Amino acid sequence: MEKPQLPSGTRDFSPQMMLRRKYILSIMENVFKLHGFGAIETPALENLKTLQGKYGDEGDQLLFKVLNSGDFLSKANDTFLTEKNSKSLTPQIADRGLRYDLTVPLARFVVMNRDKISFPFKRYQLQPVWRADRPQKGRYREFWQCDIDVVGANSVVSEAELVEMYQEVFAKLDLGISIRINHRGILDAFLPVLGSIENWNAFMVIIDKADKIGEDGVANELENRGLSHSIDAWKWLCSTQKLGNYNQIMDALNQYAPIQNESLKKGMNEISAVFDFVGNTSNLQLDLTLARGLSYYTGCVFEVAVNDNRMPEDYKIGSIGGGGRYDNLTGIFGLKDVSGVGVSFGLDRIYDNLEAANLFPTTLSDASTLLICALDESSLGYAIDISRNLRSNGIANEVYPGAAKLKKQLDYANAKGFAYAAIIGSTEKEENKVSLKNMISGDQELVNVSDILNKISNE
RNA sequence: GCGGUCUUAGCUCAGUUGGUUAGAGUGCUAGUUUGUGGUGCUGGAAGUCGCCGGUUCGAGCCCGGUAGGCCGCCCCA
């Protein structure tokens with residue numbers, strides 16, 4: 001016999017888990033709509049051409065590719081086949097792949113539908129994405145992203161709005177967070193210090209590890225990678241992190257001679273505008289070491305982490321949201337000068353955090369109000385009549401399928417969390433009544449069918 | 001993609017230095033006076049001990065491989 005098994009990194013969701021996922025989703029969707037965002041959906045499958053080259057080399061390796069239909073090997077190059085050269089062979093046998101995120105499909109969507117869209121285009125999208133990553137806690141191969149993007153406007157009003165939307169969603173979920181913000185312009189200002197774009201890239205990758213390996217760890221690694229000339233800049237960055245507030249960091253930026261250039265000025269102006277527009281900046285922090293991996297960001301970048309003292313001490317998974325501004329993404333698909341900014345909520349990690357801190361409302365339930373229990377086959381028709389009648393009055397209810405033993409039916413009622421059971425046997429049927437039992441108190445009384453509605457809604 | 005670790009009943013887990021028919025709790029199921037549960041009692045079913053191979057008279061236990069879970073690296077939601 002074949003043992004049932006799921007592909008690595010994928011999960012089933014039970015009814016209880018779905019209740020909780022929908023709880024999170026509905027809060028987000030509600031906030032998104034209040035800000036005037038509209039929903040779109042795009043296919044799970046995209047052409048590989050659309051996806052490749054947008055996420056850097058690391059990202060490309062994590063794309064799930066889908067084999068072409070039919071006799072896909074017949075068109076493959078003989079040399080690649082005999083050499084078993086997967087890298088060269090893949091483009092010949094796989095034209096499509098599963099989407100890696102929702103931002104690149106959005107860019108494709110915007111370009112393809114530019115005649116129907118009025119800009120600025122504010123859309124939200126709640127859909128799964130796939131990454132061929134090694135699964136771990138908080139890290140799945142299929143997971144949901146909840147994206148909000150504003151395309152076709154370059155004002156930082158949008159950045160500020162997105163920050164506030166993060167705040168609103170997590171306030172409603174009652175989860176404490178901190179939002180880190182930085183600007184690519186500020187990071188680009190370090191280019192003269194590093195000397196070359198290669199050095200700059202290496203520098204960004206290394207400083208991104210700061211919270212793991214510490215200040216000295218980063219300094220050592222810079223030394224090892226031949227970037228010792230950048231250690232002063234790193235030490236300076238660290239000193240800004242110790243400054244308490246945003247104004248002090250901005251002052252420090254103004255006074256640090258090696259990076260005074262246009263790029264810095266642009267970045268600082270935009271950051272300062274965001275801080276001005278956001279109503280409550282208590283959980284918003286300017287963090288000059290925030291780099292973020294995705295190669296398409298050009299302006300502000302964001303990252304959201306849980307910051308809640310109800311979380312278990314040892315519970316740590318990565319960020320639960322992130323995003324930024326991208327000026328050139330639609331350009332790849334032939335639509336120039338369209339700027340976009342967007343952020344993503346990681347549904348699965350938000351779920352994991354809420355569960356770990358026990359922050360889901362206890363009232364979440366999809367149980368029906370009433371279970372109708374027939375004691376004999378001849379009462380089933382009567383039970384179904386009552387059920388239909390109550391349902392048309394908006395009372396969620398169900399008839400237990402079949403005249404099973406009452407014990408079994410009540411066990412089911414308990415397991416599923418019914419508030420009431422209506423017990424029906426020959427006596428009740430003849431008198432046109434039901435024995436209405438309150439499943440919490442255990443009280444039971446014989447009531448007329450017409451009184452069930454009142455009884456249930458009054459208590 | 002690399003390293004570590006784990007996998008025994010539907011679920012959570014015991015299983016001593018390799019030695020007869022592999023256990024517990026929970027869940028499931030059937031009884032326990034006619035039609036009353038969430039808390040009683042009695043019984044029952046359920047495991048080729050992840051999978052493949054090896055060592056041995058004999059393997060849940062030792063060895064090799066492989067799949068999956070978890071953890072770390074890489075990267076990220």
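Author: Start with pairing. Two strands count as paired if DSSP finds at least two bridges between them. Alanine 421, for one, stands opposite lysine 437 in strand 15. Keep in mind that this is a predicted model.

Reader: What makes strand 14 and strand 15 a pair?

Author: Four bridges join strand 14 to strand 15 (residues 433-438). The cut-off is at least two bridges, so they pair. They run antiparallel. The bridge partner of tyrosine 420 in strand 15 is asparagine 438.

Reader: How do you know in which sense strand 12 and strand 14 pair?

Author: Strand 12 (residues 370-374) and strand 14 pair in the parallel sense, over five bridges. In that pairing, leucine 370 stands opposite tyrosine 420.

Reader: Why is strand 14 called largely enclosed?

Author: Buried means under 20% relative accessible area. Five of the five residues of strand 14 (residues 420-424) are buried, so the rest of the structure largely encloses it. Tyr420, Ala422 and Ile424 point one way, Ala421 and Ile423 the other way, and all are buried.

Reader: What makes strand 15 "mostly covered"?

Author: Five of its six residues are buried.

Reader: Which strand forms a hairpin with strand 15?

Author: Strand 16 does, with five residues between the two strands. Glycine 442 in the turn has a positive phi of about 90°. Five bridges join strand 15 to strand 16 (residues 444-448), and the two run antiparallel.

Reader: Now a helix residue. Why is tyrosine 382 called buried?

Author: The cut-off for buried is under 20%. Tyrosine 382 has 12% relative accessibility, so it counts as buried. It is found in helix 16 (residues 380-392).

Reader: What does tyrosine 382 touch?

Author: Leave out residues up to four places away in sequence. Tyrosine 382 then touches Ile424, Glu428, Lys429, Asn432, Lys433, Val434 and Val449. Ile424 belongs to the group that points one way from strand 14.

Reader: How far apart are tyrosine 382 and glycine 425?

Author: They are 43 residues apart in sequence and 9.6 Å apart in space, C-alpha to C-alpha.

Reader: Asparagine 432 is on that contact list. What can be said about its phi?

Author: Phi of asparagine 432 is near 60°, a positive value in a residue other than glycine. Asparagine 432 sits in the loop between helix 18 (426-431) and strand 15.

Reader: Is aspartate 337 buried or exposed?

Author: Exposed means over 50%. Aspartate 337 has 79% relative accessibility, so it counts as exposed. Its phi is also near 60°, positive in a residue other than glycine. Aspartate 337 is found in the loop between strand 10 and strand 11.

Reader: How many bridges join strand 10 to strand 11?

Author: Six bridges join strand 10 (residues 321-326) to strand 11 (residues 340-346), and the strands run antiparallel. Arginine 325 stands opposite valine 341 in strand 11.

Reader: What makes strand 1 and strand 8 edge strands?

Author: They belong to an open sheet of eight strands, in the order 1-5-6-11-10-9-7-8 and with mixed pairing. Strand 1 (38-39) and strand 8 (284-286) each pair on one side only.

Reader: What makes the peptide bond from phenylalanine 119 to proline 120 stand apart by name?

Author: That bond is cis, with omega near 0°. Proline 120 is found in the loop between helix 6 (103-112) and strand 5 (121-130).

Reader: Which residue classes line the second largest pocket?

Author: Its lining has three nonpolar, five polar and six charged residues. Of the 14 lining residues, Gln52, Lys65, Lys87, Thr90 and Pro91 lie nearest the centre. Helix 5 gives the largest share of the lining, four residues. About 380 Å³ of space lies in this pocket.

Reader: How is chain A divided?

Author: It has domain 1 (15-44 + 100-189 + 261-356) and domain 2 (370-458). Their centres, taken over C-alpha atoms, are separated by 48 Å.

Note on methods
Residues are numbered from 1 along each chain as its sequence is written. Chains are lettered from A and ligands numbered from 1 in the order in which they are written. This is a predicted model: local features need pLDDT of at least 70, side-chain atom pairs count only at pLDDT 80 or more; totals for chains, interfaces and linings use all residues. Side-chain values use heavy atoms; hydrogens and water are left out. On a 1 Å grid over the protein atoms alone, a cavity is a set of points where a 1.4 Å probe fits but cannot get out, and a pocket is an open set with protein on both sides within 12 Å along at least five of seven lines; lining residues have an atom within 4 Å of a point. Grid points are joined across faces, edges and corners, and a volume is the space filled by probe spheres set on the points. Ala, Val, Leu, Ile, Met, Phe, Trp, Tyr, Cys and Pro count as nonpolar, Asp, Glu, Lys and Arg as charged, and the others, Gly among them, as polar. Buried means under 20% relative accessible area, exposed over 50%, partly exposed in between (1.4 Å probe, protein chains only). Contact means heavy atoms within 4.5 Å. Domain bounds come from an automatic or database domain assignment.
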